[in-house]
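Subject: Structure handover

Dear colleague,

Here is the structure I said I would pass on. My notes on it follow below.

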Amino acid sequence: MKRFPLIAVFLLLALSLSACSGSFAPTSWPGLGIDPAGETAFLAYQNQVYAVDTATGALQWTYPAEADRKRTFFAPPVYTPNGEVLVGGYDNILVSLDPALGTENWIFDAGSRIVGSPLATEDAIYLPTAGGNLYALDLEGNPIWDAPFHSEKDLWAPPVLDNGVLYVGGMDHNLYALNASDGSIRWQTPLGGAINSAPLLHEGVLYLGTFAQQVVAVDAEIGTILWDVPTDGWVWATPQTASGLLYVGDVSGAFYALKMEDGSLAWQSIPDGPIVSQGLVVGDTVYFTTESGTLYAVDAAKGGPVWEYSVEKGELYTAPQPINGDILIAPTGGDALLIAVNAETGAKRWQFTPEKK
Amino acid sequence: MWETYIIEPMLNTLLWIYTILGQNFGLAIIVFTILVRLILYPITAKQQESGKAMQELQQSKEWKEIQKKHKDDKEKLAAAQMKLYQEKGVSPFGSCLPSLIQFPIIIGLYQAVIRALADTPLPLLTLSKSLYPIINASKLIPLNSKFLWMDLGQPERLQVLGIGIPVLAILVVVTTYLQTKLMAIPTGGDNAQAAQMTGMMNLYMPLMLGYFAYAYAAGLALYFVTSNLMTIIQYAAMGKLEWSNLLPGSK
């Protein structure tokens, strides 16, 4: 009995520290990818990847078939031009899956956590890792370059490829232009804040946001900054564009429409919470989500409200995806993992909720 | 409340120190710990006074008399002891309070360290909401988590010939043992229960903190080692260290 107080203190402290480390909580939000035909949504979340029929919300398969607690997936799955689905995991493994069955084609061990999606072209796969490496792989997962490109900090952002040049932003605050043939650096530009999303490449200009609370336009040829405008919070996602405007949100909870030529503000919207995911432009409407769990549809030209839809439970950090007249959203921390909302009306069409085991 | 009054101030203080110390998070933890120990110094001094008063009380004639008188009745003994505490103005918990204050600091510091070293999206998002505007930390993120051979966000191991040696955990055990031995106030010769309790504390505390240092982020272990050394230095400055406790045969 004399030892009880000491043991109690030990257990209390151990429990508190374990809870503090957040070892049981998800460390990211669902990653969502769609096949080119728009028939199947691939959702990576926690211990499984789900393939869901976009017409009905029915589950087609899961990978692995039984959830494996040692494996976690959050990076958005990518459908490759040669008809495979690539999924990166926190277990360092990039796996190629058969999109119809969810069976493995091949795997590549990247040696460190995969947070961001790979870029898949008809010839190669470019994979960023949290270890700061960018790998170039052939379509069977074999390295192409003699050595991966390496930056000092994590690479979470997918690269963008144009005319033999890869553009990738790093958590080391640099935007890099690399030769796709060998990974050598063409230029690098420090932007003053971590970059965790891909740049938008439009007519020779790279547009991106950083954690230094800014949106920047960079000349893709030589890497000089053309303009930068401050935001109220960190910018996590790739800007989207339509009709000469850039659409981007920040974690302070502001959504901006900026003029592409100089970054000046066209309009601004203040929704109900922080904005982490990228927006989506379909026709005359811009869709974006907030941490508070609301999907907003606003007029792309003026920013006026069209409709809004709120999830019953959970936050929205995942980028919305368009599919067959619907908008797909993937809540974090709710019961439903995927919800299809009618793009015209904002009415829910179906939701996918995985079986609890 | 915990978030607002414990974690965020600790986190932002750590980040502020990090910025002025050339973006070295290990040094930031060490300096932060020293600051905390200096702030807690009045309580530490009070603990020493309380311990001394308790020691004198337990060696007094009245104490020994009630031990003898109620040796077969624990309830009466406890009541008599409590009455004597009140008469002499001694708080039986006076020497425990500083130890209890340590727990929220340990937990808060651990949370602040883990949050500052966020390396996945959701924790990083949480970090972004915890920053004070004056820190301008968004330009510092992600932090440099490397200190000497350690990654402060991970359990520490020094690789020697392919074997991971938990150097910090060993240092935590050694410094905690030294601290408890050097600061232990000799108990009255006939107070076997107190001596047994002290002996248990001397054994279990180093092992308990050593386990935490072994299993949790190296930043926490760095706090333990710095805190132990600071405590020893503070007591040495007050001339209160009991070096004789290190001699073989001492309890």
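In this predicted model, helix α1 (residues 2–20) of chain B and α7(B) have axes that come within 10 Å and cross at roughly 95°. The two helices, α1(B) and α7(B), are therefore roughly perpendicular to each other. On the side of α1(B), the contact is made by B:E3, B:E8, B:L11 and B:N12, and α7(B) contributes B:L127, B:K129 and B:S130. By type, the residues of this contact between α1(B) and α7(B) divide into two nonpolar, two polar and three charged.

Helix α7(B) itself is largely enclosed by the rest of the structure, because seven of its 10 residues are buried. The buried residues are B:P121, B:L122, B:L124, B:L125, B:L127, B:S128 and B:S130. B:K129, which takes part in the contact with α1(B), is partly exposed, with a relative accessible area of 40%.

B:K129 also forms a salt bridge with A:E291, at 2.2 Å from N to O. B:K129 lies in helix α7 (residues 121–130) of chain B and A:E291 in the loop between β26 (285–289) and β27 (294–299) of chain A, so this pair joins two chains. On the chain A side, A:E291 is buried, with a relative accessible area of 13%.

Over all chains, the structure holds seven salt bridges.

- A:R71 pairs with A:D91, with the closest N and O atoms 2.8 Å apart. A:R71 is in the loop between β4 (59–63) and β5 (78–79) of chain A, and A:D91 is in the loop between β6 (85–88) and β7 (93–97) of chain A, so the bridge ties together parts that are 20 residues apart in sequence. A:R71 is buried at a relative accessible area of 14%, whereas A:D91 is partly exposed at 21%.
- A:K313 pairs with A:D335 at 3.8 Å, N to O. A:K313 is in the loop between β28 (305–310) and β29 (321–323) of chain A, and A:D335 is in the loop between β30 (326–329) and β31 (338–342) of chain A, so the parts tied together are 22 residues apart in sequence. A:K313 counts as partly exposed at 46% relative accessibility, and A:D335 is partly exposed with a relative accessible area of 42%.

Next, the nonpolar core. The largest nonpolar core has 80 residues, and those that touch the most other members are A:W236, A:L338, B:L14, B:F25, B:L124, B:L143 and B:L152. Leaving aside neighbours within four places in sequence, B:L14 is in contact with B:F25, B:A28, B:I29, B:F32, B:L109, B:A112 and B:V113.

A:N196 lies in the loop between β16 (185–190) and β17 (200–202) of chain A and counts as buried at 10% relative accessibility.

From the N terminus on, its elements run α-α-α-α-α-α-α-β-β-β-β-α-α-α. Of the 251 residues of chain B, 47% count as buried. Among contacts in chain B between residues at least 6 apart in sequence, 73% join residues at least 24 apart.

Finally, some backbone points to look at. Most residues other than glycine have a negative phi, and most peptide bonds are trans. The peptide bond from A:Y63 to A:P64 is cis, with omega near -15°, and A:P64 lies in the loop between β4 and β5 of chain A. In chain B, the bond from B:I141 to B:P142 is cis, with omega near -5°; B:P142 is in the loop between α7 and β1 (146–147).

Two residues other than glycine with positive phi are also on my list. A:Q213 has phi near 60°, sits in the loop between β18 (205–210) and β19 (214–219) of chain A, and is partly exposed with a relative accessible area of 28%. B:L148 has phi near 55°, is placed in the loop between β1 and β2 (150–151) of chain B, and is exposed with a relative accessible area of 64%.

Regards

Terms used
Residues are numbered from 1 along each chain as its sequence is written. Chains are lettered from A and ligands numbered from 1 in the order in which they are written. This is a predicted model: local features need pLDDT of at least 70, side-chain atom pairs count only at pLDDT 80 or more; totals for chains, interfaces and linings use all residues. Side-chain values use heavy atoms; hydrogens and water are left out. A salt bridge is a side-chain nitrogen of Lys or Arg within 4 Å of a carboxyl oxygen of Asp or Glu. Helices (H or I, at least four residues) and strands (E, at least two) are DSSP runs, numbered from the N terminus. Buried means under 20% relative accessible area, exposed over 50%, partly exposed in between (1.4 Å probe, protein chains only). Axes are lines fitted to C-alpha atoms, for helices over the stretch in contact, and angles run from 0 to 180 degrees between N-to-C directions. Angles under 35 degrees count as roughly parallel, over 145 as roughly antiparallel, 65 to 115 as roughly perpendicular and the rest as oblique. Contact means heavy atoms within 4.5 Å. Ala, Val, Leu, Ile, Met, Phe, Trp, Tyr, Cys and Pro count as nonpolar, Asp, Glu, Lys and Arg as charged, and the others, Gly among them, as polar. A nonpolar core is a set of buried Ala, Val, Leu, Ile, Met, Phe, Trp, Tyr and Cys residues joined through side-chain atoms within 4.5 Å.
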